[in-house]
Amino acid sequence: MSNQRLGSGLDFGLIGFYVICTGVLAFILLPIITIFAYSLVGSFDGGFISSLTFEYYRAALRNNSDPFLMSIQIAFVTTLIDILIGVPAGYILVKYNFRFNDLLRELTILPMAIPGIVIGIGVVRVWGTPRLGIDLAGTTVLIVAVHALFTMPFIIQTTMSTLESINFRQLEESAQSLGAGWIQLFTRVILPNIYNGILAGAVMVFALSMGEFNITFFVYSPLNTTLPIALFGGFRTATVGEASALASLFIGIVLVSIVCLQALSDTTVRSSGGNI
Amino acid sequence: MTTVTVDGVRKEFGDETAVNGVSLTVEDGETVGIVGPSGCGKTTTLRTIAGLESPTEGRVLFDGEDVTSVPVKQREVGLLFQSYALFENMTVLENVTFGPRMQGVPEEEGRERAQRLLEMLDIEELESRMPHQLSGGQQQRVGLARALAPEPRILLLDEPMTGLDAKLKRQLRSKIAHLLDELDVTTLYVTHDQEEAMAMCDRVAVMNDGIVEQVGTPDTVYERPANEFVADFIGTTNLLSGCVENGHIDLEFTTIPTPEAYDQQGSVKVVARPEVFSIGGDDLQASIIDTFYLGEQIELLATLPNGQEITLKPQNNILVEPGEKVSIGIDTSRVHLLEDT
């Protein structure tokens with residue numbers, strides 16, 4: 001019945017749906033398009049076409065190469081730490097039924113749920129001065145640590161849901177009955193089957209770490225400024241064009257991450273025969 | 001191959017007793033089926049033999065040797081689950097050679113073994129496919145080949161046919177039965193489908209509520225069930241109450257002679273399978289409530305004079321209409337009596 005209605009004449013519900021979609025999309029995209037436009041012309045005082053230039057991109061890259069590299073390094077190390085800790089953690093949480101398992105599962109979501117500012121203030125309160133003989137204030141180690149803390153839930157969650165989707169328990173039991181020890185079991189059976197899920201989680205973590213501002217703002221020092229911090233500073237001090245160019249580059253990085261993520265989840269679906 | 005004995009196994013999960021003292025022997029080369037309703041403990045029994053569960057009490061013996069504490073990895077059992085659990089990251093051949101590889105069998109020999117098994121199962125042309133490219137029936141056979149490739153001491157099948165459609169089930173049933181026969185592998189076959197178990201197995205164990213109600217050949221559990229549960233679970237059964245006196249069973253509305261083997265007196269339950277009835281006899285009167293045309297057979301639902309409903313599959317396919325009153329004969333040599341307790 002509803003299919004017939006779609007085919008015959010005007011469907012006001014459908015039109016309304018498209019109108020709302022267009023509105024929402026415009027609201028989301030307008031700031032991005034505006035920034036992109038500014039990054040190419042600097043200001044709208046002169047003619048648009050005549051003042052088109054890549055000079056702002058050049059300047060942005062020239063003046064921000066340090067934060068840019070810093071962010072990429074931090075994101076890379078954060079991702080690595082997340083995989084090394086988060087994947088085994090997710091595996092243990094799914095596989096073993098121990099006391100407080102449910103509580104721990106909920107705890108892993110906590111860093112996602114607590115506002116970044118709150119975590120930031122807390123971290124500064126704790127590590128702003130040397131404690132236990134360790135002085136972390138203003139170090140890159142502290143930035144990596146808070147990034148890992150903030151992004152860990154995502155890798156744990158994707159690991160857990162991927163494991164559950166592949167029916168890993170029976171895979172393990174089959175492999176064991178065929179004589180596989182736990183190392184062979186993990187490296188030859190479990191890991192190859194959750195590889196795509198982990199990779200998808202890793203890409204997400206990388207993008208999140210690249211874009212993290214709230215907590216980083218409390219713990220960075222001028223020596224380890226990250227890209228989002230530089231961006232924030234740029235809009236206050238540098239020219240509009242340069243700051244916009246930097247922001248556009250940033251959006252580019254996030255877009256690439258999302259495309260990777262999409263491609264990965266597509267192959268996950270395909271390799272499992274669509275039976276997720 | 002191996003004779004596998006389960007000796008007084010009990011398994012508790014917290015407060016739940018899943019298996020409550022099961023003893024069962026699967027002889028060398030034999031195929032034994034465990035059937036029973038869900039939650040009867042059949043899968044737990046299988047998992048205990050595999051070493052995936054350790055029993056709360058009791059032992060598992062392979063050829064008289066206690067393997068209760070031997071881990072799965074060293075127990076040399078072949079496992080096939082309902083979901084097949086194929087390794088999605090490996091080709092069919094890699095799946096099948098996984099076991100031999102884990103056991104350190106030379107590559108060449110492992111591959112030959114795998115190819116021979118795939119050939120016996122008529123899927124040799126699929127060896128380089130990935131599991132997700134296979135149909136359910138093909139996946140099941142790959143799973144079976146994978147379980148058999150390491151030459152296990154016992155093959156454990158947990159509901160291996162449940163995901164397949166009826167026609168495929170019937171084809172695979174004979175193919176697999178034939179293969180198990182040829183390889184002469186000791187097999188435990190767990191299923192909720194009693195018909196499947198009867199067709200595939202040398203002996204059938206009927207489980208209920210954590211215990212084994214009866215073990216016997218398919219025709220024994222069908223023709224001479226040990227108790228009401230078995231009679232009811234295996235096939236369709238009409239249970240009639242009666243009283244034996246001097247070689248006759250008094251069913252209140254009629255009297256029939258007792259089967260020859262029965263020499264006791266007193267009240268009994270008469271196990272009458274639907275096919276012991278024939279239309280046109282003179283043992284009792286019944287009125288037809290409903291008829292089901294099943295193709296090769298007609299199934300009738302009828303009420304006896306005392307109001308009880310019975311199911312009939314008369315061997316002589318006479319068409320009757322619902323509402324008709326018919327006289328029915330009972331082949332008394334094929335009824336089975338249970339002492340009424």
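## Leu164(B) and its surroundings

Leu164(B) touches Gly136(B), Gly137(B), Gln140(B), Lys169(B) and Leu172(B), when residues up to four places away in sequence are not counted; two residues are in contact if their C-beta atoms, placed from the backbone, lie within 7 Å. Leu164(B) sits in the loop between β7 (154-158) and α6 (166-183) of chain B, where helices (H or I, at least four residues) and strands (E, at least two) are DSSP runs, numbered from the N terminus.

Is Leu164(B) buried, partly exposed or exposed? Leu164(B) is partly exposed, because 18 other C-beta atoms lie within 10 Å. The terms work as follows: a residue is buried if 20 or more other C-beta atoms lie within 10 Å of its own, exposed if 12 or fewer, and partly exposed in between, with C-beta atoms placed from the backbone.

## How to read the model

This is a predicted model, in which local features need pLDDT of at least 70 and side-chain atom pairs count only at pLDDT 80 or more, whereas totals for chains, interfaces and linings use all residues. Residues are numbered from 1 along each chain as its sequence is written, and chains are lettered from A and ligands numbered from 1 in the order in which they are written.

## The helices of chain A

Chain A has 11 helices and 0 strands, and 33% of its 276 residues count as buried. Among the contacts in chain A with a separation of 6 or more, 76% are between residues 24 or more positions apart.

Two packed helices are described by the angle between their axes and the distance between the axes. The axes of α3 (residues 55-95) and α8 of chain A come within 9 Å and cross at roughly 140°; axes are lines fitted to C-alpha atoms, for helices over the stretch in contact, and angles run from 0 to 180 degrees between N-to-C directions. That angle makes α3(A) oblique to α8(A), since angles under 35 degrees count as roughly parallel, over 145 as roughly antiparallel, 65 to 115 as roughly perpendicular and the rest as oblique. On the side of α3(A), the residues that meet α8(A) include Ser71(A), Ile74(A), Asp82(A) and Val87(A), and their counterparts in α8(A) include Ile198(A), Phe206(A) and Met210(A). The residues of this contact of α3(A) with α8(A) divide into 9 nonpolar, 4 polar and 1 charged, where Ala, Val, Leu, Ile, Met, Phe, Trp, Tyr, Cys and Pro count as nonpolar, Asp, Glu, Lys and Arg as charged, and the others, Gly among them, as polar.

## Where the two chains meet

The contact between the chains takes 19 residues from chain B and 18 residues from chain A. On the side of chain B that touches chain A, α2 (72-75), β6 (77-80) and α3 (92-102) of chain B each supply at least two residues. By class, this side of chain B has 11 nonpolar, 6 polar and 2 charged residues.

One of these elements, α3(B), is mostly covered, with 10 of its 11 residues buried; among the buried ones are Val92(B), Phe98(B), Arg101(B) and Met102(B). The buried residues of α3(B) pack against α8 (182-211) of chain A, together with α4 (107-120) and α5 (136-148) of chain B. After α3(B) comes Gly104(B), whose phi is positive, near 80°.

## Domains of chain B

The domain assignment of chain B gives domain 1 (4-228) and domain 2 (236-339), with bounds that come from an automatic or database domain assignment. The C-alpha centres of these two domains of chain B lie 38 Å apart, and 5 residues of domain 1 of chain B are in contact with 5 residues of domain 2 of chain B. The side of domain 1 of chain B that touches domain 2 of chain B has 1 nonpolar, 1 polar and 3 charged residues.

## Two loop residues with positive phi

Asn167(A), which is not a glycine, has a positive phi of about 55° and lies in the loop between α6 (140-165) and α7 (168-177) of chain A. Asn167(A) is partly exposed, because 15 other C-beta atoms lie within 10 Å.

In chain B, Asp63(B) is a residue other than glycine with a positive phi, near 50°, and its place is in the loop between β4 (57-62) and β5 (65-66) of chain B. Asp63(B) counts as exposed, because it has 12 C-beta neighbours inside 10 Å.
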